[in-house]
Amino acid sequence: MLKEMSKLRIIGPKSVLAPVLDRLYDMKILHVVEKGVQGLEQGKPFASADQLSAALVKARAAAAQLGIPEASALSKKPNHRMLAEIDALAEKLQILDRRTKAADEQAASASRQLEKLDALHRLKIEPRQLRPYSSLEWFIGTVSNSALLKEQLEKITSRFLLHAEKDGRKDTIALFADRAHAMEIKALLVKQDFASLDAGEVAELTLPDAKKALTQAHAAKKSVAEERESLKKSYAFSLPVAIQSLHEELAKAEAPLRFQETEQLFLIHGFVPKAELPSAMEALKKASKDRLHFEVLDIDHHDIVPVQLQNPKAVKSFEFFLNLYTLPKYREIDPTWFLFITFPILYGFMLGDMGYGAVTLLLFFLLKKKMPQFSGFFNILMFSSIATMFFGAIFGEYFGFELYHPLVNRNPEHDLNPLVIAAVFAGIVHINAGLVTGFINEMRSHGIKTAIFAKGGWFVLEAGVVVLGLSMAGIALPGAAGKLAAMAIILVAAVMLYKGEGIIGVVEIPALFSNILSYLRLMAIGLSSVGLALVINDLSSQLFASGGAMIAVAILILAVGHVLNIAIGIMGSFLHALRLHYVELFSKFYKGGGITFNPFGAK
Amino acid sequence: MIAFSAALAIAGSAIAAAWAEKAIGSAAIGAMAEKEELFGKGLILTVIPETIVIFGFAIAFFILGLAK
């Protein structure tokens, strides 16, 4: 069922807009539409909107930086203190950020210097030795092969001193050499992939100094982290409240953008559930001190009326399928009831096994307890599991075993024709129910004439086929007369469909039969599931018979096999039952495309 | 011969259905990546060719019926 809506226009002086908005936001009953009276101007946001949105951005950024979740159920009117506090917090965080960056840089440079000092230490060179000399040039860094370098240096000059330290793939060297040969030595070093350590910058440093600098940097980082943590603690509650409050207030401040206004007045257009209209008007009157004017307008065909589904609790779970597909339009029939009745039946027809039904019922019950947020979905599956047990009783099936002689047989060893007929019969009933619904829908939205042509044509077509069938079987009107009569009826149906649905209706004629035959899957999916179960049972019973260690294997096959078969069965039956509704059934009456009722103030 | 015909009916229609679903499925996933609400419609479009294999199954079933 769809909630009945009223189209409402609210007019009032701008002076009461703020309290009216507060009330509307809290009530959450008005779905605002932007289209209103032609020629009037669009409303302007409150002056506070800019300030509020800037504060909201700052507050959200702060929450993200501190890792505080935004969600809050509480809110209060934002005041100057709140805004000032957010500003102060943002500033504090900026300072903390700068301090973190500085400490990071200090730590990085200190550890770099430590590394260099350490390298020098290993080369047994005092940092203070690294000063400019008049006759000496020094090089400190890494080369690819120090032994080779030494050989080559000896060819140039004997006046050099080379300390080398093997360090993984590269050698760290300290080379003091005669300045006169500097150019040749540099060329040599380039060939050896020399990478300078840039040791000059640590010449003035000592190891303890560098260590101290590093400790200081780490201490600074730690203190910043502590301050951040204490900020997080002290704002963990108030910041989400501030965000929520600002969010609400901003929504109110920007709401006039969706209204219209004149110099003195504001106009709000929207839809309110009819049942809640009187109480809503009363509350708004109170909030505005009786200075509002209400007009309840007629809903015409151009209006895009929002829809809110309203079903009893058990049926409500099945709204899941409509949310997944598309919501009905305002004047359409809500097919949730249809789904509630026929979805479990089709599902149960396919899975149909008392054992499987009981196991899945328990499984979905436990899953529902575990994941209450998906309770609607599991409700659907629990209904379906009950239907599975019911059909299992009809088929006489218990984990693939035939317990007693079934009402309708589903074991491939016996005659399967009754099952085929049952499946096609289910299809005929289901699709005709869809056509009847379509007839009512069409009558509601386009009148009885269109309904007769567009949907009634299908019934005439079916009648023609029945006559043809009876004639061919020789039950009634045998021979040419019957065929002629049938052809005439089918022709009439084709003309009606052409008038009602256009050329598409005529093209769709064969689709009606393929749709009905599509219900053969009810049998096909079921048979494959039974087939698998039989294989599992046969295999394990043979193993049981051989006894000994084979019994353990048999139990394993039985357990794993049936679990797998249930999993495949649930998935297959669910998807195919859903498909039969979406494709075969909904194409007979359901168009959808409705928009959700989304009242002002709702999340 | 009859068994072979039945197998052929199933195999051929299954391959055809799979082929059709392959193309539709990837297109549907693509559309869903752009707009998540299309899941319902994508699912419907994807499963439409399944009817082919159901028909194949029905034919195979009737062919097997000839054997009796």
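**Chain patterns, burial and salt bridges**

Me: What pattern does chain B follow along the sequence?

Reply: Chain B reads α-α-α along its sequence, with 3 helices and 0 strands. Helices (H or I, at least four residues) and strands (E, at least two) are DSSP runs, numbered from the N terminus. This is a predicted model, in which local features need pLDDT of at least 70 and side-chain atom pairs count only at pLDDT 80 or more, while totals for chains, interfaces and linings use all residues. Residues are numbered from 1 along each chain as its sequence is written, chains are lettered from A and ligands numbered from 1 in the order in which they are written, and side-chain values use heavy atoms, with hydrogens and water left out.

Me: What makes chain B more spread out than a compact globule?

Reply: The radius of gyration, taken over C-alpha atoms, is set against the globule rule, 2.2 Å times the number of residues to the power 0.38. For the 68 residues of chain B the rule gives 11 Å, and the value is 16 Å, well over that, so the chain is more spread out than a compact globule. The C-alpha atoms of chain B fill a box of roughly 50 × 15 × 10 Å along the principal axes. Of the contacts in chain B with a separation of 6 or more, 79% join residues 24 or more positions apart, where contact means heavy atoms within 4.5 Å.

Me: Why is Ser385(A) called buried?

Reply: Buried means under 20% relative accessible area, exposed means over 50%, and partly exposed lies in between (1.4 Å probe, protein chains only). Ser385(A) has 0% relative accessibility, so Ser385(A) counts as buried. This residue is found in helix α13 (residues 375-395) of chain A. Leaving aside neighbours within four places in sequence, Ser385(A) touches Tyr347(A), Gly357(A), Thr360(A), Leu361(A) and Phe364(A). In chain B, buried residues make up 31% of the 68 residues.

Me: How do you know whether Lys116(A) is buried or exposed?

Reply: The relative accessibility of Lys116(A) is 9%, and therefore Lys116(A) counts as buried. Lys116(A) has its place in helix α3 of chain A. Apart from neighbours within four places in sequence, Lys116(A) is in contact with Leu197(A), Asp198(A), Glu201(A) and Val202(A). Lys116(A) and Gly141(A) are 25 residues apart in sequence, and their C-alpha atoms are 9.6 Å apart in space.

Me: What makes the pairing of Lys3(A) and Glu276(A) a salt bridge?

Reply: A salt bridge is a side-chain nitrogen of Lys or Arg within 4 Å of a carboxyl oxygen of Asp or Glu. For Lys3(A) and Glu276(A) the N to O distance is 3.7 Å, and their side chains meet in a salt bridge. The pair links distant parts of the chain, 273 residues apart: Lys3(A) belongs to the segment before β1 (5-13) of chain A, and Glu276(A) to the loop between β9 (265-273) and α8 (277-287) of chain A. Lys3(A) is buried at 18% relative accessible area, whereas Glu276(A), at 27%, is partly exposed. By this rule the count over all chains comes to 24 salt bridges.

Me: How do you know that Lys58(A) and Asp87(A) form a salt bridge?

Reply: The closest N and O atoms of Lys58(A) and Asp87(A) are 2.6 Å apart, and the pair forms a salt bridge. Lys58(A) lies in helix α2 (residues 49-66) of chain A and Asp87(A) in helix α3 (residues 80-122) of chain A, so the pair ties together parts 29 residues apart in sequence. Lys58(A) has a relative accessible area of 37% and is partly exposed; Asp87(A), at 38%, counts as partly exposed.

Me: What makes Met1(A), Trp337(A), Ile341(A) and Ile345(A) a nonpolar patch?

Reply: Patches are made of residues with over 30% relative accessible area and no salt bridge; like charges are joined within 9 Å, and nonpolar side chains (Val, Leu, Ile, Met, Phe, Trp, Tyr) within 5 Å. Ile341(A), in helix α11 (residues 336-351) of chain A, has a relative accessible area of 47% and is partly exposed. Together, Met1(A), Trp337(A), Ile341(A) and Ile345(A) form a nonpolar patch on the surface with about 400 Å² of accessible area. Accessible areas come from the Shrake-Rupley method with a 1.4 Å probe; for residues, only the protein chains shown count as cover.
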